[in-house]
Amino acid sequence: MTPPPITDQSGAAVIARFLKARGVQRVYGLCGGHIMPIWMRLDAEGIRIVDVRDERAAVYMAHAEAQLTGRLGVALVTAGPGVTNAMTGIANAHVARAPVLVLSGLPPTAQENRGALQDIVHTDLVRGITRYARTVRHPDLIPQELAEAAARAQGIGGEAGPVYLDFPVDTLRGEVCRAVQLPEYFSPAAALPQPPHPTQVQAAVELLWSAKRPLFISGRGAQGAGPALSALLSRLNAAYLDTGESRGLVSDDHPSVVGAMRGTVMGQADLVITVGRRLDFQLAYGSPAVFGDARFLRIADCAAELRDNRHGDLGMLCNPALALQAILDAAPARAPAGDAAWLAGLREQHLKRSDKLAASMREAPAGTDGRMHPNRVLAALREALPADAVVVADGGDFLSFARVGLPATTYLDPGSLGCIGVGTAFGIAASLVYPERTVVVATGDGAFGFNAMEIDTAVRHGAPILVVVANNGSWAIEVRDQQETHGKVVGTHLQFADHAAMARAFNLHAERVEQPEDLPGAIARALQQMAQGRPALLDVIVTPEAASSDAKSGLAWVPDLQPLGAWNEAEQKWRAAA
Ligand SMILES: Cc1ncc(C[n+]2csc(CCOP(=O)(O)OP(=O)(O)O)c2C)c(N)n1
């Protein structure tokens with residue numbers, strides 16, 4: 001008996017047409033019977049299927065694409081283990097508030113709850129980590145459910161984030177009534193402009209122009225606000241800190257950029273302005289123990305970035321780019337109130353520290369084991385990479401070194417879920433989104449292992465990324481925590497495995513590097529191969545003895561009140577004093 005055909009009016013065909021109409025160019029997925037109708041219809045519509053080796057990677061890639069482009073990222077995973085494998089990726093997109101649509105299948109309705117192959121209630125599993133999670137049991141509901149899911153993912157009427165839909169196979173094969181295929185479901189939903197309220201703009205102007213030491217901190221929600229933010233920083237003599245969520249938004253050359261003085265400026269500011277940024281663990285939860293009696297101005301388009309931990313003196317629920325522009329327009333003639341000498345002093349120290357770091361990285365000493373310092377790898381990459389290279393950082397200690405040591409205008413990392421293992425998948429998506437740019441994935445050997453198999457996807461899909469594995473034969477940041485906190489090392493050593501041999505097995509250009517002087521040549525050869533469209537991997541042996549700032553700050557041992565040791569102590573004192 002042959003299965004029924006997947007017609008032009010089938011549920012699967014309508015899903016593919018919907019995605020095409022919404023401008024989706026790529027769907028990341030791993031095949032299976034329960035989603036085959038959608039898979040084949042995507043191909044028929046000319047949507048590129050990027051077939052991966054683990055569903056988790058498919059969602060990571062959709063997430064990276066969404067974060068890089070601001071558009072919907074789409075992953076297609078099969079029923080049962082396809083969905084459970086995808087869940088870490090969905091959780092990561094949830095925490096990152098990335099607009100990702102995850103699609104899956106289910107056994108046919110007539111077999112529901114009878115012990116069918118891969119029969120499990122997916123929506124129960126993903127509900128807590130999605131903005132919308134539904135099973136679509138009738139073909140006629142498909143257009144409106146897709147439109148609703150896409151709108152929720154993009155934060156229209158709520159907070160952006162992942163959404164999930166699945167379809168019993170008979171729904172995919174069944175025909176969708178033409179009458180319900182309304183054009184309005186297929187045309188992209190217009191995001192609301194969300195302008196700020198004029199009264200709040202005026203209040204913000206008063207706050208901003210009364211501050212002597214204003215500090216702006218940007219995050220995810222600041223996308224598109226770069227020009228207005230840069231102009232406002234100059235108008236106010238304000239200091240600026242970026243975060244991993246918004247690297248590249250303000251040029252490193254801007255006199256307000258003081259990233260190397262993070263701790264100092266957080267303690268000195270008298271007004272902190274968050275632009276689309278949560279006051280999460282990376283910002284000491286906005287605690288007065290760290291920020292003193294600074295006032296807060298929160299500007300965001302969603303609740304999570306508006307009043308998490310601190311409501312502040314003013315919270316503006318609106319589009320942050322529009323808010324900053326409105327503030328600029330409302331105060332055309334005012335001289336800056338910000339203390340120019342304060343800012344200039346911070347900037348000078350920032351530049352000094354940054355130069356000192358760059359110089360020390362080039363000469364960082366080897367460990368007592370004779371193996372090179374991870375900063376030597378980063379210094380060599382700094383020399384060789386073009387200015388517009390996309391950097392993906394991943395790992396424990398190595399992520400921490402790379403975050404500060406490898407400047408980039410476009411940057412991705414595991415984010416505040418601490419979701420290590422995203423590196424290769426994020427890199428592949430970045431390379432597909434920006435085929436003309438160099439993409440480098442700087443990863444620890446532990447982090448690389450999670451989705452190492454995706455190097456195969458990179459080769460098959462012509463994503464010429466450079467994966468640099470900092471191979472220290474361990475989960476080093478955890479080793480150090482065990483040594484220092486518990487006096488014993490257990491279950492945290494890996495092999496100094498030959499990742500280059502593994503990569504060659506999948507047809508990458510690959511080399512192992514053990515001496516710092518061999519790095520420039522190896523990187524140059526890798527870049528040459530990448531220019532021919534071939535991904536490359538460098539397996540660089542580094543010492544596990546180099547302690548990163550994250551290791552020294554106490555992040556690894558998870559203090560009780562604050563994420564870092566010093567902040568924890570400050571918080572204890574502050575609470576005790578009350
Ligand atoms: C999925 C996941 N598992 C475990 C952890 C805990 N963890 C954080 S950093 C780290 C070590 C990473 O090791 P590696 O990538 O080799 O980098 P290194 O510290 O050696 O530079 C671990 C296990 C995590 N954050 N995420």
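Start with the protein chain and its contacts between residues at least 6 apart in sequence: 74% of them join residues at least 24 apart. Keep in mind that this is a predicted model.

**Whole chain.** Colour by secondary structure. The protein chain has 25 helices and 17 strands. Its radius of gyration is 25 Å, close to the 25 Å that the globule rule gives for 578 residues, so the chain is as compact as a globular protein of that length.

**Surface and interior.** The protein chain exposes about 23200 Å². Carbon and sulfur atoms supply 52% of that area. Of the 578 residues, 55% are buried.

**The ligand.** Select the ligand and its surroundings. The shell holds 17 residues. D397, G418, D445, G446 and A447 are the closest. By class, the shell divides into seven nonpolar, seven polar and three charged residues.

Now show backbone atoms at S474, A476 and I477. A polar backbone atom of S474 is 3.1 Å from an oxygen atom of the ligand. At A476, a backbone N or O atom lies 2.9 Å from a ligand oxygen. For I477, the distance from a polar backbone atom to an oxygen atom of the ligand is 3.2 Å. Next, compute areas: the ligand taken alone exposes 590 Å², and the protein buries 75% of that.

**Helices around the ligand.** Which elements give two or more residues to the shell? Select α17 (397-405), α19 (445-450) and α21 (476-486). Finish on α19, which gives the most, with four residues.

Methods
Residues are numbered from 1 along each chain as its sequence is written. This is a predicted model: local features need pLDDT of at least 70, side-chain atom pairs count only at pLDDT 80 or more; totals for chains, interfaces and linings use all residues. Side-chain values use heavy atoms; hydrogens and water are left out. A residue is near a molecule or strand if one of its heavy atoms lies within 4 Å of it. A polar contact is a pair of N or O atoms within 3.5 Å; within protein, one must be able to donate a hydrogen and the other to accept it, and residues adjacent in sequence count only if both atoms are side-chain atoms. Accessible areas come from the Shrake-Rupley method with a 1.4 Å probe; for residues, only the protein chains shown count as cover. Ala, Val, Leu, Ile, Met, Phe, Trp, Tyr, Cys and Pro count as nonpolar, Asp, Glu, Lys and Arg as charged, and the others, Gly among them, as polar. The radius of gyration is taken over C-alpha atoms; the globule rule is 2.2 Å times the number of residues to the power 0.38. Buried means under 20% relative accessible area, exposed over 50%, partly exposed in between (1.4 Å probe, protein chains only). Contact means heavy atoms within 4.5 Å.
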